[in-house]
Amino acid sequence: INISIDRTERLVIFRQELVKLLKKYDPEFCVVENGFAGKNIKTLKTLSRFGGVAEECILSTTNRAPYIMSNKTPKSYFKVKTKEDLYKVIVEKFKFKDFNYSTHNDITDATAQAICYYNTVVKENKDGK
């Protein structure tokens, strides 16, 4: 997304692209990382806006509400303390080649969230818990 365009336009583009993906892949479930207060409140506010658009878009497009997951949940599940440690675990587990932290850490976070969600929510529901 071109960052020189206004934030509201970026939100519209984000929603349009997300709708395309949801229609193309028709996922059984979607996990959205909950916003968290890091070092920069401005970043939190921006991510919260995009998160809200994602939540609405997922529900209105798939008729299924997304599961909102804390960024701490996958770390706890994989028994690591930091985002960097989680990155290392996922890269090792899946033998991802040519990955580097600065470029691929969001991919490994999403992978960890999907595994965590499946093993803690989906399996529990199938087992009747």
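Trainee: What makes the backbone oxygen of Ile58 and the side chain of Thr62 a polar contact?

Mentor: A polar contact is a pair of N or O atoms within 3.5 Å; inside a protein, one atom must be able to donate a hydrogen and the other to accept it, and residues adjacent in sequence count only if both atoms are side-chain atoms. The backbone oxygen of Ile58 is 2.6 Å from a polar atom of the Thr62 side chain, so the pair falls within the 3.5 Å limit. That side chain also has a polar atom 3.1 Å from the backbone nitrogen of Arg64.

Trainee: Before we go on, what kind of model is this, and how are its residues numbered?

Mentor: The model is predicted, so local features need pLDDT of at least 70 and side-chain atom pairs count only at pLDDT 80 or more, while totals for chains, interfaces and linings use all residues. Numbering starts from 1 along each chain as its sequence is written, and side-chain values use heavy atoms, leaving out hydrogens and water.

Trainee: Thanks! Why is Thr62 called buried?

Mentor: Buried means under 20% relative accessible area, exposed means over 50%, and partly exposed is in between (1.4 Å probe, protein chains only). Thr62 has 11% relative accessibility, so it counts as buried. Thr62 belongs to helix 2, where a helix is a DSSP run of H or I with at least four residues, a strand is a run of E with at least two, and both are numbered from the N terminus.

Trainee: And how do you know whether Asn63 is buried or exposed?

Mentor: The relative accessible area of Asn63 is 68%, so Asn63 is exposed. Asn63 sits in the loop between helix 2 and strand 2, and its phi is near 65°, a positive value in a residue other than glycine. Lys95 likewise has a positive phi, about 50°, although it is not a glycine. Lys95 is in the loop between helix 4 (83-94) and helix 5, and its 60% relative accessibility makes it exposed.

Trainee: What makes Arg15 and Glu56 a salt bridge?

Mentor: A salt bridge needs a side-chain nitrogen of Lys or Arg within 4 Å of a carboxyl oxygen of Asp or Glu. For Arg15 and Glu56 the N to O distance is 3.0 Å, so the pair qualifies. This pair links distant parts of the chain, as Arg15 is in helix 1, Glu56 is in helix 2 (residues 41-62), and they are 41 residues apart. Arg15, at 30% relative accessibility, is partly exposed, and so is Glu56 at 38%.

Trainee: How many salt bridges are there by this rule?

Mentor: The count is five. Another pair is Lys20 with Glu17, at 3.1 Å from N to O. These two residues are separated by about one helical turn, because they are three residues apart in helix 1. Lys20 counts as exposed at 52%, whereas Glu17 counts as partly exposed at 39%.

Trainee: Why does Asp26 with Arg64 count as a salt bridge too?

Mentor: Their closest N and O atoms are 3.4 Å apart, and therefore within the 4 Å cut-off. Asp26 is in the loop between helix 1 and strand 1 (31-33), and Arg64 is in the loop between helix 2 and strand 2 (67-69), 38 residues apart. Asp26 is exposed at 52%, while Arg64 is partly exposed at 32%.

Trainee: How do you know which residues His104 is in contact with?

Mentor: Contact means heavy atoms within 4.5 Å. Setting aside neighbours within four places in sequence, His104 is in contact with Tyr87, Asp98 and Phe99. His104 lies in helix 5 (residues 101-126), and with 14% relative accessibility it counts as buried.

Trainee: Which residues of the largest pocket's lining lie nearest its centre?

Mentor: They are Val31, Val32, Glu33, Leu47 and Gln113, out of 37 lining residues. Helix 2 gives the largest share of that lining, nine residues.

Trainee: What makes 22 of the lining residues nonpolar?

Mentor: Ala, Val, Leu, Ile, Met, Phe, Trp, Tyr, Cys and Pro count as nonpolar, Asp, Glu, Lys and Arg as charged, and the others, Gly among them, as polar. Sorted this way, the lining has 22 nonpolar, eight polar and seven charged residues.

Trainee: And why is it called a pocket?

Mentor: On a 1 Å grid over the protein atoms alone, a pocket is an open set of points with protein on both sides within 12 Å along at least five of seven lines, whereas a cavity is a set where a 1.4 Å probe fits but cannot get out; lining residues have an atom within 4 Å of a point.
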